[in-house]
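Dear colleague,

I am handing over the structure we spoke about, and below it I set out what was found. Please read the notes with the model open beside you.

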Amino acid sequence: MGLVVKDVSKEFVSKHKKTSTLENFNIEIKRGDFVCILGPSGCGKSTLLNILAGLEKATKGVVILNGNEITGPGPDRTVMFQEAALFPWLKVIDNVEFGMKMAGISKEVRYEKAMHYLKMVHLSKFKDSYVFELSGGMKQRVALARALSLDSEILLMDEPFAALDSQTKMMLQQELQRIWVDTKKTIIFITHNAEEAVYLANRVVVMAANPGRIKQEFAIELSRPRQMESSDISYYTAKIMKALKEEVEKVAKAEYDGDWNFEENPVLYSSDTDMGGDL
Amino acid sequence: MKRILFYILLILIWEGIYKLGVDILRIWRPYILPSPFDVFGTLAVLIKDNTIGIAIIASLKRIIVGYFISVVIGVALGLTIAKFKYLEENLGPLILGLQTLPSICWLPFAILWFGLSEASIIFVIAIGSTFAVAMSVKYAIKNVNPLYIRAARTMGAKGSKIYTHVILPAALPDIVSGLKQGWSFAWRALMAGEMLSATKGLGQVLMVGRDLADISQVVAVMIVIIVLGLLVDKLVFERLEKNMRHKWGLDRA
(Lines give C-alpha, C1' and ligand atoms only; values in the text may rest on other atoms or scores of the structure.)
Protein backbone atom coordinates (compact mmCIF):
# COMPACT_ATOMS: atom_id res chain seq x y z
CA MET A 1 0.00 0.00 0.00
CA GLY A 2 0.99 3.62 -0.36
CA LEU A 3 2.08 5.62 -3.32
CA VAL A 4 4.03 4.11 -6.19
CA VAL A 5 5.55 6.22 -8.94
CA LYS A 6 6.57 3.98 -11.79
CA ASP A 7 8.78 4.98 -14.73
CA VAL A 8 7.24 8.43 -14.91
CA SER A 9 8.60 10.65 -17.66
CA LYS A 10 7.45 14.07 -18.70
CA GLU A 11 8.47 15.78 -21.88
CA PHE A 12 7.64 19.25 -23.07
CA VAL A 13 7.80 19.66 -26.81
CA SER A 14 8.20 23.14 -28.20
CA LYS A 15 8.89 24.22 -31.76
CA HIS A 16 12.64 24.08 -31.46
CA LYS A 17 13.42 21.32 -29.05
CA LYS A 18 12.21 18.59 -26.80
CA THR A 19 12.96 18.96 -23.11
CA SER A 20 12.57 16.02 -20.85
CA THR A 21 11.73 17.44 -17.48
CA LEU A 22 11.46 14.04 -15.86
CA GLU A 23 12.96 10.78 -17.03
CA ASN A 24 12.11 7.36 -15.64
CA PHE A 25 11.30 8.58 -12.19
CA ASN A 26 10.66 5.76 -9.72
CA ILE A 27 9.81 6.00 -6.06
CA GLU A 28 7.71 4.17 -3.52
CA ILE A 29 6.32 6.04 -0.59
CA LYS A 30 4.87 4.23 2.39
CA ARG A 31 1.78 5.43 4.16
CA GLY A 32 2.58 7.99 6.86
CA ASP A 33 6.02 8.79 5.50
CA PHE A 34 7.46 12.29 5.26
CA VAL A 35 9.47 12.69 2.07
CA CYS A 36 11.27 15.82 0.96
CA ILE A 37 12.15 16.22 -2.69
CA LEU A 38 15.15 18.48 -3.00
CA GLY A 39 16.72 19.80 -6.14
CA PRO A 40 18.04 22.76 -8.09
CA SER A 41 15.57 24.91 -9.97
CA GLY A 42 14.46 23.32 -13.19
CA CYS A 43 14.98 19.72 -12.07
CA GLY A 44 11.30 18.92 -12.48
CA LYS A 45 10.38 18.71 -8.82
CA SER A 46 7.30 20.87 -9.21
CA THR A 47 6.32 18.96 -12.33
CA LEU A 48 6.55 15.74 -10.33
CA LEU A 49 4.27 17.20 -7.67
CA ASN A 50 1.77 18.33 -10.28
CA ILE A 51 1.72 14.84 -11.74
CA LEU A 52 1.12 13.36 -8.29
CA ALA A 53 -1.67 15.88 -7.74
CA GLY A 54 -3.19 14.93 -11.07
CA LEU A 55 -2.96 18.49 -12.40
CA GLU A 56 -0.57 17.39 -15.14
CA LYS A 57 -0.38 14.16 -17.09
CA ALA A 58 2.82 12.15 -17.34
CA THR A 59 4.08 11.51 -20.86
CA LYS A 60 4.97 7.99 -19.81
CA GLY A 61 4.58 5.86 -16.72
CA VAL A 62 1.95 5.60 -14.00
CA VAL A 63 1.30 6.78 -10.48
CA ILE A 64 -0.54 4.26 -8.34
CA LEU A 65 -2.17 5.15 -5.03
CA ASN A 66 -3.32 2.15 -2.95
CA GLY A 67 -3.64 0.03 -6.07
CA ASN A 68 -5.54 2.60 -8.14
CA GLU A 69 -3.99 4.58 -10.94
CA ILE A 70 -4.16 8.37 -10.60
CA THR A 71 -5.94 9.95 -13.55
CA GLY A 72 -6.85 13.41 -12.27
CA PRO A 73 -6.93 15.67 -9.24
CA GLY A 74 -8.89 14.50 -6.25
CA PRO A 75 -9.51 15.24 -2.59
CA ASP A 76 -7.44 12.19 -1.55
CA ARG A 77 -4.33 14.20 -2.46
CA THR A 78 -4.58 17.80 -1.29
CA VAL A 79 -2.01 20.34 -2.37
CA MET A 80 -0.43 23.34 -0.70
CA PHE A 81 1.12 25.77 -3.12
CA GLN A 82 3.84 28.35 -2.63
CA GLU A 83 1.14 31.01 -2.72
CA ALA A 84 -1.66 30.29 -0.31
CA ALA A 85 -4.27 30.31 -3.12
CA LEU A 86 -7.01 31.20 -0.64
CA PHE A 87 -10.23 32.58 -2.09
CA PRO A 88 -10.45 36.29 -1.19
CA TRP A 89 -14.25 36.42 -1.51
CA LEU A 90 -14.66 33.92 1.34
CA LYS A 91 -14.06 34.32 5.05
CA VAL A 92 -11.27 32.26 6.59
CA ILE A 93 -13.67 29.66 7.92
CA ASP A 94 -15.42 29.33 4.54
CA ASN A 95 -12.06 28.89 2.87
CA VAL A 96 -11.29 25.99 5.19
CA GLU A 97 -14.74 24.52 4.56
CA PHE A 98 -14.46 24.83 0.77
CA GLY A 99 -13.31 21.29 -0.01
CA MET A 100 -15.84 19.76 2.37
CA LYS A 101 -18.57 21.85 0.79
CA MET A 102 -17.60 20.49 -2.62
CA ALA A 103 -17.84 16.99 -1.17
CA GLY A 104 -21.38 17.74 0.04
CA ILE A 105 -20.69 17.44 3.75
CA SER A 106 -23.40 18.94 5.99
CA LYS A 107 -22.95 22.42 7.40
CA GLU A 108 -22.60 21.46 11.07
CA VAL A 109 -19.98 18.80 10.44
CA ARG A 110 -18.12 21.12 8.12
CA TYR A 111 -18.03 23.92 10.65
CA GLU A 112 -16.89 21.70 13.50
CA LYS A 113 -14.10 20.20 11.47
CA ALA A 114 -12.97 23.50 10.07
CA MET A 115 -12.78 24.91 13.60
CA HIS A 116 -10.80 21.88 14.72
CA TYR A 117 -8.15 22.45 12.09
CA LEU A 118 -8.15 26.21 12.51
CA LYS A 119 -7.37 25.60 16.18
CA MET A 120 -4.59 23.25 15.13
CA VAL A 121 -2.92 26.10 13.23
CA HIS A 122 -3.81 28.59 16.02
CA LEU A 123 -6.07 30.82 13.95
CA SER A 124 -9.54 30.14 15.36
CA LYS A 125 -9.73 33.79 16.44
CA PHE A 126 -9.57 34.81 12.79
CA LYS A 127 -12.34 32.58 11.52
CA ASP A 128 -14.49 35.51 10.37
CA SER A 129 -11.66 37.54 8.86
CA TYR A 130 -11.15 38.00 5.18
CA VAL A 131 -7.99 36.94 3.42
CA PHE A 132 -6.71 40.48 2.80
CA GLU A 133 -6.56 41.01 6.56
CA LEU A 134 -4.04 38.18 7.05
CA SER A 135 -0.25 38.21 6.85
CA GLY A 136 1.64 35.87 4.55
CA GLY A 137 2.35 33.39 7.34
CA MET A 138 -1.28 33.41 8.49
CA LYS A 139 -2.42 32.77 4.93
CA GLN A 140 -0.24 29.69 4.72
CA ARG A 141 -1.61 28.50 8.06
CA VAL A 142 -5.14 28.79 6.71
CA ALA A 143 -4.06 26.99 3.55
CA LEU A 144 -2.62 24.23 5.74
CA ALA A 145 -5.86 23.97 7.74
CA ARG A 146 -7.79 23.83 4.47
CA ALA A 147 -5.57 21.04 3.14
CA LEU A 148 -5.85 19.07 6.39
CA SER A 149 -9.62 19.47 6.62
CA LEU A 150 -10.21 17.09 3.73
CA ASP A 151 -8.68 14.16 5.63
CA SER A 152 -6.72 13.30 2.54
CA GLU A 153 -4.27 10.48 2.84
CA ILE A 154 -1.56 12.47 1.15
CA LEU A 155 -0.53 16.07 1.56
CA LEU A 156 1.47 17.46 -1.34
CA MET A 157 3.42 20.61 -0.57
CA ASP A 158 5.09 22.67 -3.27
CA GLU A 159 7.63 24.91 -1.50
CA PRO A 160 4.88 26.21 0.80
CA PHE A 161 7.20 28.26 3.01
CA ALA A 162 9.58 29.57 0.35
CA ALA A 163 7.98 33.01 0.12
CA LEU A 164 7.86 33.63 3.88
CA ASP A 165 10.37 35.52 6.02
CA SER A 166 12.74 33.32 7.98
CA GLN A 167 11.10 33.67 11.43
CA THR A 168 7.66 32.86 10.11
CA LYS A 169 9.14 30.03 8.11
CA MET A 170 10.77 28.54 11.21
CA MET A 171 7.53 28.67 13.16
CA LEU A 172 5.59 27.00 10.42
CA GLN A 173 8.22 24.29 10.00
CA GLN A 174 7.97 23.51 13.69
CA GLU A 175 4.23 23.38 13.46
CA LEU A 176 4.24 21.17 10.41
CA GLN A 177 6.48 18.72 12.23
CA ARG A 178 4.06 18.63 15.15
CA ILE A 179 1.03 18.24 12.88
CA TRP A 180 2.69 15.40 11.01
CA VAL A 181 3.43 13.60 14.30
CA ASP A 182 -0.20 14.14 15.38
CA THR A 183 -1.97 13.21 12.14
CA LYS A 184 0.43 10.66 10.60
CA LYS A 185 -0.34 11.84 7.10
CA THR A 186 1.83 11.00 4.14
CA ILE A 187 3.58 14.24 3.25
CA ILE A 188 5.51 14.89 0.08
CA PHE A 189 7.30 18.17 0.42
CA ILE A 190 9.12 19.98 -2.38
CA THR A 191 11.88 22.37 -1.40
CA HIS A 192 15.22 23.75 -2.52
CA ASN A 193 16.38 24.29 1.06
CA ALA A 194 18.50 21.39 2.34
CA GLU A 195 18.21 22.35 6.01
CA GLU A 196 14.44 22.50 5.80
CA ALA A 197 14.41 19.08 4.17
CA VAL A 198 16.58 17.52 6.88
CA TYR A 199 14.57 19.12 9.66
CA LEU A 200 11.25 17.88 8.36
CA ALA A 201 11.66 14.64 6.46
CA ASN A 202 12.28 10.96 7.09
CA ARG A 203 13.60 10.63 3.57
CA VAL A 204 15.32 13.28 1.52
CA VAL A 205 15.44 12.65 -2.20
CA VAL A 206 17.96 14.78 -4.08
CA MET A 207 17.12 15.27 -7.72
CA ALA A 208 19.37 15.94 -10.67
CA ALA A 209 18.39 18.14 -13.58
CA ASN A 210 18.40 17.68 -17.37
CA PRO A 211 16.73 15.27 -17.41
CA GLY A 212 15.04 15.32 -14.00
CA ARG A 213 15.82 12.12 -12.13
CA ILE A 214 16.77 10.88 -8.67
CA LYS A 215 20.41 11.47 -7.88
CA GLN A 216 20.67 10.19 -4.35
CA GLU A 217 18.46 9.40 -1.43
CA PHE A 218 19.17 9.99 2.26
CA ALA A 219 17.37 8.48 5.22
CA ILE A 220 17.21 10.97 8.10
CA GLU A 221 17.15 8.84 11.20
CA LEU A 222 16.74 11.44 13.89
CA SER A 223 14.27 11.38 16.76
CA ARG A 224 11.46 13.91 16.98
CA PRO A 225 10.80 16.60 17.88
CA ARG A 226 13.90 17.82 16.12
CA GLN A 227 15.63 21.09 16.86
CA MET A 228 16.74 23.22 13.94
CA GLU A 229 19.93 24.18 15.84
CA SER A 230 21.04 20.63 16.61
CA SER A 231 24.38 19.45 15.25
CA ASP A 232 22.75 16.33 13.81
CA ILE A 233 20.72 18.50 11.47
CA SER A 234 23.88 20.33 10.41
CA TYR A 235 25.64 17.02 9.84
CA TYR A 236 22.96 15.71 7.51
CA THR A 237 22.56 19.09 5.85
CA ALA A 238 26.28 19.20 5.03
CA LYS A 239 26.12 15.72 3.57
CA ILE A 240 23.12 16.55 1.44
CA MET A 241 24.49 19.93 0.39
CA LYS A 242 27.45 18.14 -1.14
CA ALA A 243 25.21 16.13 -3.40
CA LEU A 244 23.01 19.11 -4.11
CA LYS A 245 25.88 21.46 -4.85
CA GLU A 246 27.07 19.36 -7.76
CA GLU A 247 23.64 19.64 -9.30
CA VAL A 248 23.25 23.34 -8.63
CA GLU A 249 26.65 23.86 -10.17
CA LYS A 250 25.73 21.90 -13.25
CA VAL A 251 22.59 23.93 -13.76
CA ALA A 252 24.40 27.20 -13.11
CA LYS A 253 27.22 26.32 -15.49
CA ALA A 254 24.71 25.70 -18.23
CA GLU A 255 23.16 29.10 -17.59
CA TYR A 256 26.11 31.36 -16.77
CA ASP A 257 29.38 31.96 -18.60
CA GLY A 258 31.71 28.99 -18.80
CA ASP A 259 34.27 30.41 -16.34
CA TRP A 260 31.83 30.44 -13.45
CA ASN A 261 32.84 28.23 -10.53
CA PHE A 262 31.41 27.53 -7.12
CA GLU A 263 34.76 27.07 -5.38
CA GLU A 264 36.79 29.65 -7.25
CA ASN A 265 37.16 32.02 -4.31
CA PRO A 266 36.33 30.13 -1.15
CA VAL A 267 38.23 32.71 0.91
CA LEU A 268 37.77 36.38 0.16
CA TYR A 269 41.32 37.58 -0.39
CA SER A 270 42.88 40.74 -1.70
CA SER A 271 46.60 41.49 -1.94
CA ASP A 272 45.99 44.90 -0.36
CA THR A 273 45.02 43.37 2.95
CA ASP A 274 47.55 40.56 3.43
CA MET A 275 48.78 41.92 6.75
CA GLY A 276 52.20 42.83 5.41
CA GLY A 277 53.27 39.30 4.46
CA ASP A 278 55.32 40.62 1.53
CA LEU A 279 57.48 42.98 3.60
CA MET B 1 -12.15 73.28 -0.01
CA LYS B 2 -9.24 73.59 -2.40
CA ARG B 3 -11.37 72.04 -5.07
CA ILE B 4 -14.21 74.52 -4.52
CA LEU B 5 -11.75 77.37 -4.88
CA PHE B 6 -10.49 75.83 -8.11
CA TYR B 7 -13.99 75.73 -9.57
CA ILE B 8 -14.73 79.30 -8.47
CA LEU B 9 -11.54 80.31 -10.27
CA LEU B 10 -12.61 78.37 -13.35
CA ILE B 11 -15.99 80.14 -13.40
CA LEU B 12 -14.29 83.50 -12.99
CA ILE B 13 -12.04 82.75 -15.97
CA TRP B 14 -15.09 81.77 -17.96
CA GLU B 15 -16.83 85.04 -17.02
CA GLY B 16 -13.66 86.94 -17.91
CA ILE B 17 -13.52 85.40 -21.37
CA TYR B 18 -17.22 86.16 -21.85
CA LYS B 19 -16.74 89.80 -20.83
CA LEU B 20 -13.70 90.18 -23.04
CA GLY B 21 -15.22 88.58 -26.12
CA VAL B 22 -18.81 89.76 -25.94
CA ASP B 23 -18.86 93.06 -24.05
CA ILE B 24 -15.46 94.62 -24.71
CA LEU B 25 -14.21 93.37 -28.05
CA ARG B 26 -17.68 92.59 -29.40
CA ILE B 27 -16.33 89.76 -31.58
CA TRP B 28 -18.95 87.29 -30.33
CA ARG B 29 -22.68 87.54 -30.06
CA PRO B 30 -24.13 86.63 -26.66
CA TYR B 31 -25.68 83.43 -28.12
CA ILE B 32 -22.25 82.10 -29.13
CA LEU B 33 -20.97 81.88 -25.58
CA PRO B 34 -23.17 82.32 -22.50
CA SER B 35 -22.03 83.97 -19.32
CA PRO B 36 -21.83 81.57 -16.37
CA PHE B 37 -24.30 83.76 -14.47
CA ASP B 38 -26.85 83.45 -17.29
CA VAL B 39 -26.33 79.68 -17.21
CA PHE B 40 -26.96 79.46 -13.47
CA GLY B 41 -29.96 81.76 -13.85
CA THR B 42 -31.44 79.52 -16.53
CA LEU B 43 -30.65 76.48 -14.43
CA ALA B 44 -32.51 78.00 -11.49
CA VAL B 45 -35.53 78.72 -13.70
CA LEU B 46 -35.47 75.21 -15.14
CA ILE B 47 -35.33 73.75 -11.65
CA LYS B 48 -38.07 76.06 -10.38
CA ASP B 49 -40.59 75.28 -13.10
CA ASN B 50 -39.68 71.61 -12.70
CA THR B 51 -38.59 71.16 -16.33
CA ILE B 52 -35.34 69.60 -15.18
CA GLY B 53 -37.00 67.37 -12.60
CA ILE B 54 -39.39 65.88 -15.14
CA ALA B 55 -36.59 65.51 -17.67
CA ILE B 56 -34.33 63.77 -15.17
CA ILE B 57 -37.03 61.30 -14.18
CA ALA B 58 -37.87 60.54 -17.81
CA SER B 59 -34.18 60.05 -18.67
CA LEU B 60 -33.44 57.91 -15.63
CA LYS B 61 -36.44 55.69 -16.35
CA ARG B 62 -35.15 55.03 -19.84
CA ILE B 63 -31.59 54.40 -18.86
CA ILE B 64 -32.50 52.06 -16.03
CA VAL B 65 -34.62 49.90 -18.32
CA GLY B 66 -32.12 50.01 -21.18
CA TYR B 67 -29.12 49.42 -18.97
CA PHE B 68 -30.80 46.54 -17.18
CA ILE B 69 -31.53 44.85 -20.50
CA SER B 70 -27.94 45.36 -21.64
CA VAL B 71 -26.52 43.94 -18.41
CA VAL B 72 -28.65 40.80 -18.64
CA ILE B 73 -27.84 40.19 -22.30
CA GLY B 74 -24.23 41.36 -22.00
CA VAL B 75 -23.36 39.16 -19.03
CA ALA B 76 -25.02 36.14 -20.63
CA LEU B 77 -23.24 36.79 -23.91
CA GLY B 78 -19.89 37.33 -22.22
CA LEU B 79 -20.15 34.14 -20.19
CA THR B 80 -21.12 32.14 -23.27
CA ILE B 81 -18.22 33.47 -25.30
CA ALA B 82 -15.74 32.81 -22.50
CA LYS B 83 -17.02 29.25 -22.18
CA PHE B 84 -16.71 28.16 -25.81
CA LYS B 85 -13.42 28.59 -27.59
CA TYR B 86 -15.08 28.44 -31.01
CA LEU B 87 -17.32 31.40 -30.17
CA GLU B 88 -14.45 33.32 -28.61
CA GLU B 89 -12.32 33.00 -31.72
CA ASN B 90 -15.04 33.78 -34.22
CA LEU B 91 -17.70 35.85 -32.50
CA GLY B 92 -15.26 37.73 -30.25
CA PRO B 93 -13.76 40.03 -32.93
CA LEU B 94 -17.24 40.81 -34.28
CA ILE B 95 -18.45 41.89 -30.85
CA LEU B 96 -15.31 43.95 -30.34
CA GLY B 97 -16.11 45.64 -33.66
CA LEU B 98 -19.72 46.26 -32.69
CA GLN B 99 -18.53 47.77 -29.43
CA THR B 100 -16.59 50.42 -31.32
CA LEU B 101 -19.66 51.30 -33.42
CA PRO B 102 -21.28 54.38 -31.84
CA SER B 103 -24.70 53.34 -30.65
CA ILE B 104 -26.45 56.19 -32.45
CA CYS B 105 -25.73 54.33 -35.69
CA TRP B 106 -28.44 51.93 -34.60
CA LEU B 107 -31.05 54.69 -34.52
CA PRO B 108 -32.31 54.14 -38.10
CA PHE B 109 -32.91 50.49 -37.24
CA ALA B 110 -34.53 51.43 -33.97
CA ILE B 111 -36.94 53.80 -35.72
CA LEU B 112 -37.77 51.22 -38.38
CA TRP B 113 -38.46 48.55 -35.81
CA PHE B 114 -40.02 50.48 -32.96
CA GLY B 115 -41.08 53.79 -34.51
CA LEU B 116 -40.40 57.13 -32.88
CA SER B 117 -41.14 55.79 -29.45
CA GLU B 118 -39.80 55.13 -26.01
CA ALA B 119 -38.83 51.62 -27.11
CA SER B 120 -36.48 52.83 -29.83
CA ILE B 121 -34.48 54.95 -27.38
CA ILE B 122 -34.30 52.05 -24.94
CA PHE B 123 -33.13 49.86 -27.79
CA VAL B 124 -30.33 52.30 -28.61
CA ILE B 125 -29.26 52.43 -24.96
CA ALA B 126 -29.32 48.66 -24.59
CA ILE B 127 -27.39 47.98 -27.75
CA GLY B 128 -24.92 50.73 -26.90
CA SER B 129 -23.74 49.07 -23.73
CA THR B 130 -24.45 45.38 -24.30
CA PHE B 131 -21.29 44.72 -26.27
CA ALA B 132 -19.07 46.64 -23.87
CA VAL B 133 -20.48 44.62 -20.97
CA ALA B 134 -20.11 41.36 -22.89
CA MET B 135 -16.47 42.03 -23.76
CA SER B 136 -15.49 42.93 -20.22
CA VAL B 137 -17.26 39.92 -18.75
CA LYS B 138 -15.34 37.76 -21.20
CA TYR B 139 -12.03 39.37 -20.25
CA ALA B 140 -12.88 39.12 -16.56
CA ILE B 141 -13.43 35.37 -16.86
CA LYS B 142 -10.27 34.88 -18.89
CA ASN B 143 -8.30 36.88 -16.33
CA VAL B 144 -9.05 34.65 -13.36
CA ASN B 145 -5.87 33.50 -11.62
CA PRO B 146 -5.39 29.88 -12.76
CA LEU B 147 -4.00 29.06 -9.31
CA TYR B 148 -7.53 29.40 -7.87
CA ILE B 149 -8.82 26.87 -10.36
CA ARG B 150 -5.96 24.47 -9.68
CA ALA B 151 -6.48 24.75 -5.94
CA ALA B 152 -10.21 24.14 -6.32
CA ARG B 153 -9.61 21.08 -8.49
CA THR B 154 -7.27 19.52 -5.95
CA MET B 155 -10.01 19.98 -3.37
CA GLY B 156 -12.42 17.97 -5.45
CA ALA B 157 -14.32 20.74 -7.26
CA LYS B 158 -15.47 19.74 -10.71
CA GLY B 159 -17.18 21.17 -13.79
CA SER B 160 -19.95 23.66 -13.13
CA LYS B 161 -19.06 23.87 -9.44
CA ILE B 162 -15.70 25.37 -10.39
CA TYR B 163 -17.59 27.89 -12.47
CA THR B 164 -20.07 28.97 -9.82
CA HIS B 165 -17.85 28.71 -6.75
CA VAL B 166 -14.51 29.86 -8.11
CA ILE B 167 -14.43 31.46 -11.55
CA LEU B 168 -17.44 33.75 -11.16
CA PRO B 169 -16.58 35.14 -7.72
CA ALA B 170 -12.94 35.52 -8.73
CA ALA B 171 -13.97 37.50 -11.81
CA LEU B 172 -16.45 39.71 -9.97
CA PRO B 173 -14.26 42.83 -9.51
CA ASP B 174 -13.43 42.88 -13.21
CA ILE B 175 -17.08 42.29 -14.08
CA VAL B 176 -18.06 45.31 -11.98
CA SER B 177 -15.48 47.40 -13.84
CA GLY B 178 -17.12 46.24 -17.04
CA LEU B 179 -20.56 47.20 -15.76
CA LYS B 180 -19.22 50.65 -14.95
CA GLN B 181 -17.93 51.02 -18.46
CA GLY B 182 -21.26 49.80 -19.78
CA TRP B 183 -23.02 52.47 -17.75
CA SER B 184 -21.02 55.26 -19.38
CA PHE B 185 -21.76 53.81 -22.82
CA ALA B 186 -25.45 53.66 -21.93
CA TRP B 187 -25.41 57.24 -20.69
CA ARG B 188 -23.98 58.50 -23.97
CA ALA B 189 -26.42 56.45 -25.99
CA LEU B 190 -29.30 57.86 -23.94
CA MET B 191 -28.34 61.46 -24.69
CA ALA B 192 -27.83 60.79 -28.37
CA GLY B 193 -31.16 59.00 -28.60
CA GLU B 194 -33.06 61.69 -26.71
CA MET B 195 -31.63 64.52 -28.75
CA LEU B 196 -32.88 62.94 -31.94
CA SER B 197 -36.23 61.48 -31.08
CA ALA B 198 -37.67 62.20 -27.67
CA THR B 199 -40.59 64.23 -26.38
CA LYS B 200 -39.12 64.57 -22.91
CA GLY B 201 -35.85 63.93 -21.16
CA LEU B 202 -32.57 65.78 -20.64
CA GLY B 203 -31.47 65.42 -24.24
CA GLN B 204 -34.77 66.87 -25.42
CA VAL B 205 -34.53 69.89 -23.07
CA LEU B 206 -31.06 70.49 -24.45
CA MET B 207 -32.39 70.41 -28.01
CA VAL B 208 -35.17 72.85 -27.08
CA GLY B 209 -32.42 75.20 -25.96
CA ARG B 210 -30.78 74.82 -29.34
CA ASP B 211 -34.03 75.37 -31.22
CA LEU B 212 -34.69 78.56 -29.28
CA ALA B 213 -31.07 79.69 -29.71
CA ASP B 214 -30.88 79.76 -25.91
CA ILE B 215 -27.29 78.72 -25.43
CA SER B 216 -27.42 79.12 -21.67
CA GLN B 217 -30.12 76.44 -21.50
CA VAL B 218 -27.90 74.12 -23.54
CA VAL B 219 -25.00 74.65 -21.14
CA ALA B 220 -27.27 74.33 -18.10
CA VAL B 221 -28.48 70.92 -19.28
CA MET B 222 -24.92 69.89 -20.08
CA ILE B 223 -23.97 70.66 -16.50
CA VAL B 224 -26.88 68.59 -15.18
CA ILE B 225 -25.82 65.69 -17.40
CA ILE B 226 -22.23 65.87 -16.18
CA VAL B 227 -23.25 66.06 -12.52
CA LEU B 228 -25.66 63.13 -12.81
CA GLY B 229 -23.11 61.01 -14.63
CA LEU B 230 -20.47 61.80 -12.03
CA LEU B 231 -22.82 61.06 -9.15
CA VAL B 232 -23.71 57.60 -10.39
CA ASP B 233 -20.09 56.85 -11.24
CA LYS B 234 -18.72 57.98 -7.88
CA LEU B 235 -21.49 56.90 -5.55
CA VAL B 236 -22.45 53.59 -7.08
CA PHE B 237 -19.74 52.11 -9.23
CA GLU B 238 -16.56 53.53 -7.83
CA ARG B 239 -17.50 52.71 -4.28
CA LEU B 240 -18.51 49.17 -5.22
CA GLU B 241 -15.40 48.68 -7.29
CA LYS B 242 -13.07 50.03 -4.64
CA ASN B 243 -14.49 47.91 -1.83
CA MET B 244 -14.34 44.84 -3.97
CA ARG B 245 -10.83 45.33 -5.25
CA HIS B 246 -9.67 45.94 -1.70
CA LYS B 247 -11.29 42.79 -0.42
CA TRP B 248 -10.06 40.70 -3.34
CA GLY B 249 -6.55 41.98 -2.64
CA LEU B 250 -6.25 43.56 -6.08
CA ASP B 251 -5.41 47.12 -5.10
CA ARG B 252 -1.96 46.25 -3.84
CA ALA B 253 0.54 45.53 -6.52
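This is a predicted model: local features need pLDDT of at least 70, side-chain atom pairs count only at pLDDT 80 or more; totals for chains, interfaces and linings use all residues.

Two residues are taken to be in contact if their C-beta atoms, placed from the backbone, lie within 7 Å.

Of the 279 residues of chain A, 39% count as buried. Among the contacts in chain A between residues at least 6 apart in sequence, 69% join residues at least 24 apart.

One part of chain A that can be followed strand by strand is an open sheet of four strands, which has the order 2-1-4-5 and antiparallel pairing. Strand 2 (18–29) and strand 5 (68–69) of chain A each have a single partner strand and stand at the edges, so one side of each is left without a neighbour in the sheet. Strand 1 (residues 3–13) of chain A is joined to strand 2 of chain A by eight bridges, the two running antiparallel, and a hairpin of four residues connects them. Within this pairing, A:Val8 stands opposite A:Phe25, while A:Phe12 stands opposite A:Thr19. Strand 1 of chain A also pairs with strand 4 of chain A, in the antiparallel sense and over five bridges; here A:Leu3 has A:Leu65 as its bridge partner. Helix 1 (residues 45–53) of chain A lies across strand 1, strand 2 and strand 4 (60–65) of chain A, and runs at about 60° to strand 2 of chain A.

As for the interior, nonpolar side chains tend to be buried together in soluble globular proteins. In this model the largest nonpolar core has 133 residues, and those with the most contacts inside it are A:Leu38, A:Ile188, A:Val204, A:Ile240 and B:Ile125. To take one of these, A:Val204 is in contact, leaving aside its neighbours within four places in sequence, with A:Cys36, A:Leu38, A:Ala197, A:Val198, A:Phe218, A:Ile220 and A:Ile240.

With best regards

Conventions:
Residues are numbered from 1 along each chain as its sequence is written. Chains are lettered from A and ligands numbered from 1 in the order in which they are written. A residue is buried if 20 or more other C-beta atoms lie within 10 Å of its own, exposed if 12 or fewer, and partly exposed in between; C-beta atoms are placed from the backbone. Two strands pair if DSSP finds at least two bridges between them. Axes are lines fitted to C-alpha atoms, for helices over the stretch in contact, and angles run from 0 to 180 degrees between N-to-C directions. A nonpolar core is a set of buried Ala, Val, Leu, Ile, Met, Phe, Trp, Tyr and Cys residues joined through C-beta atoms within 7 Å.
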